Amino acid sequence: MREYMTTRDIVGPLLLVESVMDVTYGELVELEFPDGTHSLGNVLEVNQDVALVQAFEGTRGSNPAHTKVRFLGRSLELGVSRDMLGRVFDGLGRPRDDGPEIIPEVRRSIYGQPINPTARDFPDDFIQTGVSAIDGLNPLVRGQKLPIFSGSGLPHNDLAAQVARQSAVLQRSDDPTKAGAPLEGEFAVVFAAMGITFEDADFFIDEFRNTSAIERAVLFLNLADDPAVERIATPRMALTAAEYLAYDCDMHVLVILTDMTYYCEALREVSAARKEVPGRRGYPGYLYTDLASIYERAGRVKGRKGSITQVPILSMPDDDKTHPIPDLTGYITEGQIVLDRNLHRRGVYPPVAVLPSLSRLKQKGIGPGKTREDHADLSNQLFGAYARGLQAKELAVILGEAALSDADKAFVAFADAFEDRFIAQGAHEDRSVEETLSIGWELVTLLPRSEVKRIKDEYVARYMTAEEGATA
Amino acid sequence: MEQGRILKVAGPLVVAEGLVDSKMFDLVRVGEEGLMGEIIEMRGDRASIQVYEETEGLGPGDPVEATGAPLSVELGPGMLEAVYDGVQRPLDKLEEQAGAFLTRGISAPGLDRERRWAFTPVVEPGMRVQGGDILGTVQENEVIEHRILVPPHVEGTIADIAAGSYTVTEPVGHLTTDAGERVELIMMQVWPVRTPRPYKKKISVAEPLTTGTRVIDTFFPLTKGGVACIPGPFGAGKTVTQHQIAKWSNAEVVIFIGCGERGNEMTDVLMEFPELEDPYSGEPLLKRTVLVANTSNMPVAAREASVYTGITMAEYFRDMGYNVVLQADSTSRWAEAMREISGRLEEMPGDEGFPAYLGTKLAAFYERAGKVECACGADRTGSVSVVGSVSPPGGDLSEPVVQNTLRVVKVFWALQDKLAYERHFPAIDWLTSYSLYLDKVTPWWSEHVSPEFRARRDRCMAILQRENELAEIVRLVGLEALSAEEQILMETAKSIREDFLQQNAFRDDDQFSSYREQDLLLETILLFHEKAIEAHTKGASLRDLFAAPVRERIARAKYLTEERLAEFEEIRSDIETQLVGDGFDDDETLVYAGGER
């Protein structure tokens, strides 16, 4: 054991330790403060015999002369095991519930290793979230990373919890006119909270408990009053557990990371303490690379059954999409689900702003066998009609409703019905993709037939009449 | 070779001492695992090294071994169809060695040492050759004939050369220099990535690089040897546009650099290119492609190197006399890699933390594009066109990477997310995009497309410009406030946008438009415009004109395949017959004064 009491400077979460030997970059460090408290840390930089150490649990109560610094000769690791399912851990992977310690099957460095691009398998399997605004228009695909862009006061937690509870993988269907049934038992949720409040965390735990979703969930919680720097490790802990479940236990893992904004702020705090040259808005220049090292751990690997799908949540400061965090996130992730304050005010839950939302992989994840043959066409039609309806509404605001053509009036009616019946649903309402599509078809009947241009005639014949028959 | 010791490790940057004989940009091997690194700064006997792999676990005292040579790529048969990382390690070989994840310290040579190639010489013993001359050929695959060149700066008389099956390191023959020195001729060349390969001289470019994408070919053409820039706010369809160019451009070789982009996107390319058919040869597109993939989670220093690796390969194919398209996606990520390294070096930053030399580096990179007379004894030309994408933060085009790029590129395809939301694809904004090659390609257009093509293009552009001005008025007071002629112009502009500019990359009959079809489309749309105005002055009502059945045919004209282009003749006669005035004494003309609608 190499233990030193040669700390020279303590600046924010950082310690400068002198006269050290054989310290390596990234090495795990244990700190013991004068009052007997402990903190973990890692080496950010080593220059000859001086090491710069970042303390995950803060440096409160430390003193240069009396702080013991132990270099542990390994990097920060997480012991992983199947038994982690159903358990709650803190931000550094220690049990936070009253359960026993985990006996690890294997210990893994939390930094992981990049997937070789040639070994990746392309994500093209539909995940049914039971939320129409997602399944119908911006479907989530296994191995995708699809963030929720939200703002303070918006119900992103409810949506995330709903997605986590309801997500299911569908069986492949041989019949193009029918979606497969949900598969049981292969799905796990890994949940990482960074800097959210106790109340928010409690909400998630309760939601999971009440629906017994907890049995297939692993939770890592770093709350608002937990040390900020610890947050830098939390998502990596979660992803290390997720990788084990996905690639060693063949499970389909949904990883929810909330709130990435707090994670980035922790990163900025360390960067500022190191007096690094800042990029935009004081965030470090390597923010993109750093975020990529988290988001890019989503994916599928050829020849392995499991997959990692990520739904990071980030609250956009002042709902500003050009803020560096949503901006850089959007460049890495495959689309985004954007929540809208106006919809929320009107009482629409989930308040998903359909137009700026996007799932880049949706083309590959829907259609015959995966969902239903008419899915792509219908989704285009709904999207187009809703966009036109909103435009017409804007026009009506300026010119008055009387100035609208009959077609435009129909589109306005469509847009309203679309928000009320398609987007809006209950927080515990789990719609199958077929139900979602049915609602879509009902709405299409509100449009003049001549405006239904984006759907193949055979689908109109097959599904539209069927629906009318069903409702009649 | 001399050995040094590590003093400092900070992320991808390592400082070592004891490397006195090494030179700037020399390759070194760091630590026990021999991680690849490159010297980027020297102070006394201390060298700063950027390491191309994860540096975790390195510490002071670990060895650093000099190699005495700069970071280089291996050039020769076997590059096509390969997928490399930023420092030319073949990713499929790494997967065989280490599995699905990139573990540290693994390596494999850029060119397969075992594989044998059938070499056919085109020179004979006794012939005098110089650097760049073709020694012989290897049919690398069904599509590309790989021309084996005399390495640059080598000159002499062929002593012996023989056809046969060789690996890339076996001599295919020998050459005697004037000094009497005997030089082995092998198929592989090793070239330092940061040094441009030599050429005789640059030729001012004149021929367009056709892409089959109408808004590009007609409105904002790129030339063979030209440089273009695409900014891509996320979700604007940048990737699709790039794939279209890779797929349809009339270049023989495509180099695609995925520099700091998404892993799944790269997978998409990797899985799609082998299946996409190269429209010119009927073979998989991958056969004329080299992929350099350094995704955003792979080491940042290798990302910095990846664009140099790519462009050196492009120059090599250029030297064989090929036209090469290089796509770098995204140069912003490359610039960010530079910024990250610069920050670790504690250099004084310029704008937004980017190094002060950002502009110089970007310009030097784009300058490696161009059409050249190849360095050789014969007359041979080749070209490298570069399409660099930029990812401006927050779509802000005033940021340093975009601004420095715009200073050197001649073509700017302004992708707009607004257009993408409106489902106008390709979402290239016709008002803010530009091409400075217009005048240069006009003679080629006159000769190969039609003498009127440039004039038609300019006319359409003017209509679109005018539409933009009028759109303001329409927004404020409504369409009725416009004169009839202006209303016709608005309709024509809409027709240009919908029937010409919009193009569906996923529709077989629309993804590629030949120059001939583009010209016919323009001609037809403009004919409608003229005839509509003419008919209106003769008394036809705007409502009737806009409802003319031929408009449906015009709208579908872009889907006409190459064999059916004769139908444009019918459309033209439809326009002539359907757009006629009913005579001045018609009631409609009286209505006109009060507005038609």
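This is a predicted model: local features need pLDDT of at least 70, side-chain atom pairs count only at pLDDT 80 or more; totals for chains, interfaces and linings use all residues.
Residues are numbered from 1 along each chain as its sequence is written, chains are lettered from A and ligands numbered from 1 in the order in which they are written, and side-chain values use heavy atoms, with hydrogens and water left out.

**Chain A against chain B**

- The contact (heavy atoms within 4.5 Å) takes 59 residues from chain A and 59 residues from chain B.
- In chain A, the residues that lose the most area to chain B are A:Tyr25, A:Pro117 and A:Tyr331, together 16% of what that side buries.
- The interface holds three salt bridges (a side-chain nitrogen of Lys or Arg within 4 Å of a carboxyl oxygen of Asp or Glu).
- One salt bridge joins B:Glu272 and A:Lys364, with the closest N and O atoms 3.5 Å apart.

**Elements and pairing**

- Helices (H or I, at least four residues) and strands (E, at least two) are DSSP runs, numbered from the N terminus.
- Elements of chain A that each supply at least two residues to the side touching chain B include strand E5 (38-47) and helix H7 (324-332).
- H7(A) gives the most to that side, with five residues.
- E5(A) pairs with strand E1 (residues 3-10) of chain B in the antiparallel sense, over two bridges (DSSP must find at least two).
- A:Val46 has B:Val9 as its bridge partner in E1(B).

**Domains 1 and 3 of chain B**

- The domain assignment (automatic or database) gives chain B domain 1 (3-70) and domain 3 (199-207 + 223-417), among others.
- Their centres, taken over C-alpha atoms, are 28 Å apart.
- Domain 1 of chain B puts 13 residues in contact with twelve residues of domain 3 of chain B.
- These two domains bury about 910 Å² between them, 66% of it on carbon and sulfur atoms.
- In domain 1 of chain B, B:Pro12, B:Gln50 and B:Tyr52 lose the most area to domain 3, together 49% of what that side buries.
- The count between these domains is zero salt bridges.

Conventions:
Buried area is the accessible area (1.4 Å probe) that two parts lose on being put together, summed over both.
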